[in-house]
Amino acid sequence: MLRRRVLNSAFGAGHSVRSLSTRASNILSKFSIRPDAELKGVYDGTWRGSGEVIQSVCPTTGEVLANVRTASPAEVQETLAKTREAYVKWRNEPAPRRGEILRQIREALAAKREDLGALVSLEMGKILTEGVGEVQEFVDICDYGVGLSRMMNGRVVASERPGHSILEMPNPLGVVGVLSAFNFPVAVYGWNLALSLAAGNATIWKPSPTTPLCSIAVTRIISQVLEANGIPGAVASLVNGGKEVGEAVVESPGVELVSFTGSERVGRIVGQNVASRFGKVILELGGNNASIIMPDADLSLAVPAVFFGAVGTAGQRCTSTRRLYLHRQVADEFLGRLKTLYGSVAVGDPLAKDTLLGPLHTSTACDVYTQAVEKLRSLNADIITGGERYQRDGLQGGNFVQPTIALPKSVNPKDGIWSTEIFAPILNVAIFDELEEAIEWNNAVPQGLSSSLWTRDIRNVGRWIGPAGSDAGIVNVNVGTSGAEIGAAFGGNKSTGWGRESGGDAWKQYVRWSACTVNFSDAAPLAQGVSFAS
Ligand code: NAD
């Protein structure tokens with residue numbers, strides 16, 4: 001039963017507690033979060049928080065899950081200082097020992113996988129399997145970090161001078177500020193934490209102000225491991241808060257690397273701020289991802305993949321499919337089959353087993369959705385399905401919107417309806433005749449995160465992944481735009497920010513590279529044969 005009212009406290013007369021639905025309180029109790037308590041949203045070895053209060057609101061029901069005290073301006077500075085102190089100790093731990101701590105964090109997270117996944121689902125609104133999958137992603141990247149801790153190798157470079165050796169050495173970098181978005185409230189932090197800890201850095205995490213509970217739950221799990229090993233908790237600090245807290249982290253000269261995940265709008269500000277103080281930055285910004293369907297595509301695979309890409313996470317993944325380019329020969333059949341899937345989507349409580357479509361994260365996101373649909377209608381787009389908020393029983397308390405397929409009149413990718421990321425389940429469709437045309441449309445938008453081509457023809461594959469192919473960071477073949485593994489570097493180009501996180505060579509950004517020329521001879525020759533003798 002979902003209800004919001006003040007009850008007499010079960011903990012004694014005179015107190016009052018908010019009554020949460022059983023659904024919510026069962027999950028929160030797994031993390032000892034009591035509905036009447038005000039949670040501390042700052043951690044740097046001790047838990048505190050004396051800034052403004054933010055509320056965690058359940059997107060499914062609208063109930064307030066908890067109140068969280070954010071970091072005051074002074075607390076942000078204190079936490080930054082504590083994080084640096086922790087770094088100075090942590091950097092001296094041998095890398096394999098750091099890996100051992102990461103292994104323990106991995107075990108602690110895995111033990112809480114289902115509970116934490118349910119908390120993600122409750123607070124963010126994604127369906128349970130995706131919430132659990134997000135925790136699994138954190139577990140996976142910890143495994144990766146453990147391996148890296150024994151493989152973060154530098155190089156020995158041949159010197160042109162006799163008796164000299166040149167080493168390229170990876171050293172710890174310093175403090176890494178991680179600013180994350182609401183839609184991956186656990187995994188994005190995991191990508192950064194695992195690499196950063198293995199590299200010998202300390203992190204300070206500024207999560208989204210709308211998912212504070214996930215950040216507190218994760219930090220509690222990690223801090224217990226750190227403290228049990230006698231490692232300063234501020235190796236993995238947390239500062240909850242809004243824009244001001246984010247700005248303070250971004251502007252701090254004591255933060256060597258800012259890893260920012262969020263919108264293009266905020267990323268532009270963050271990028272400029274970090275550049276103005278010559279800091280390092282990783283930007284993981286908005287996506288506007290296309291799937292291209294060729295006539296020889298296997299539709300039994302492609303249709304469900306586009307369905308998942310566009311409707312999964314209610315269209316709130318950076319890699320969600322937002323544009324669909326159909327070859328004329330298969331357009332009708334594809335759209336017919338896709339529409340059938342849309343019609344069958346199970347919408348409701350994301351924690352319920354059969355649900356495929358949960359709510360949008362906030363009511364503001366519903367307004368963005370409504371305005372986008374209105375804009376499409378005003379441009380005479382054909383709304384093939386969807387286009388409204390759900391009004392039926394059981395859904396009114398939440399932010400539920402119908403997944404929408406639209407066929408705009410214009411196919412010009414420069415038009416706003418095509419070139420803007422709308423963070424909601426709206427899929428725009430256009431029909432093409434030649435692959436070159438579809439690739440041109442794919443590349444013509446400002447963003448460059450994920451892209452997907454469906455074909456069985458190896459010649460199309462060659463064009464798609466080659467120099468004249470997709471300009472996105474993720475270039476898939478017979479795989480949808482959404483849902484990446486941790487092993488490859490993840491990120492996008494152009495206004496998606498050029499950042500790379502997670503696998504591949506991403507770890508190389510989290511270290512300070514030292515080029516060390518060591519002379520073990522009895523002479524001191526200059527390079528390039530330069531003579532400076534008097
Ligand atoms: P957002 O840009 O509104 O917020 C992101 C973070 O920035 C939050 O923690 C926020 O509090 C903070 N912030 C806001 N103003 C700031 C400022 N001036 N200085 C410093 N920090 C500030 O993004 P959102 O709505 O939470 O997330 C959705 C966006 O994130 C979408 O555009 C999505 O595509 C993108 N995203 C990208 C990736 C990727 O890997 N490319 C992954 C997930 C989400």
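1. A residue counts as buried when its relative accessible area is under 20%. By that cut-off, 55% of the 534 residues in the protein chain are buried. Keep in mind that this is a predicted model.

2. Overall fold content. The protein chain holds 15 helices and 26 strands. The C-alpha trace spans about 85 × 75 × 35 Å along its principal axes.

3. Contacts and surface. Take the contacts in the protein chain with a separation of 6 or more: 72% of them join residues 24 or more positions apart. The accessible surface of the chain is about 22,000 Å². Carbon and sulfur atoms account for 53% of that surface.

4. The ligand shell. The ligand is surrounded by 27 residues. Ser180, Lys206, Ser263, Leu285 and Glu421 are the closest. By type, the shell has 13 nonpolar, 9 polar and 5 charged residues.

5. Which atoms come up to its oxygens? The side chain of Lys206 places an N or O atom 2.6 Å from an oxygen atom of the ligand. A polar backbone atom of Gly262 is 3.3 Å from a ligand oxygen. Ser263 also takes part: a polar atom of its side chain lies 2.6 Å from an oxygen atom of the ligand. These pairs count as polar contacts because the cut-off for N or O atoms is 3.5 Å.

6. Burial of the ligand. How much of the ligand does the protein bury? Taken alone, the ligand exposes 860 Å². The protein buries 90% of that area.

7. Where the shell comes from. Three elements are listed as giving two or more residues to the shell: α8 (243-251), β13 (257-261) and α9 (264-276). Of these, α8 gives the most, with 3 residues.

8. A loop residue to look at. Lys353 sits in the loop between α11 (328-343) and α12 (363-378). Is Lys353 buried or exposed? Its relative accessibility is 80%, so Lys353 counts as exposed; the cut-off for that label is over 50%.

9. A distance across the chain. Lys353 and Ser165 are 188 residues apart in sequence. In space, their C-alpha atoms are 61 Å apart.

Note on methods. Residues are numbered from 1 along each chain as its sequence is written. This is a predicted model: local features need pLDDT of at least 70, side-chain atom pairs count only at pLDDT 80 or more; totals for chains, interfaces and linings use all residues. Side-chain values use heavy atoms; hydrogens and water are left out. A residue is near a molecule or strand if one of its heavy atoms lies within 4 Å of it. A polar contact is a pair of N or O atoms within 3.5 Å; within protein, one must be able to donate a hydrogen and the other to accept it, and residues adjacent in sequence count only if both atoms are side-chain atoms. Accessible areas come from the Shrake-Rupley method with a 1.4 Å probe; for residues, only the protein chains shown count as cover. Helices (H or I, at least four residues) and strands (E, at least two) are DSSP runs, numbered from the N terminus. Ala, Val, Leu, Ile, Met, Phe, Trp, Tyr, Cys and Pro count as nonpolar, Asp, Glu, Lys and Arg as charged, and the others, Gly among them, as polar. Buried means under 20% relative accessible area, exposed over 50%, partly exposed in between (1.4 Å probe, protein chains only). Contact means heavy atoms within 4.5 Å.
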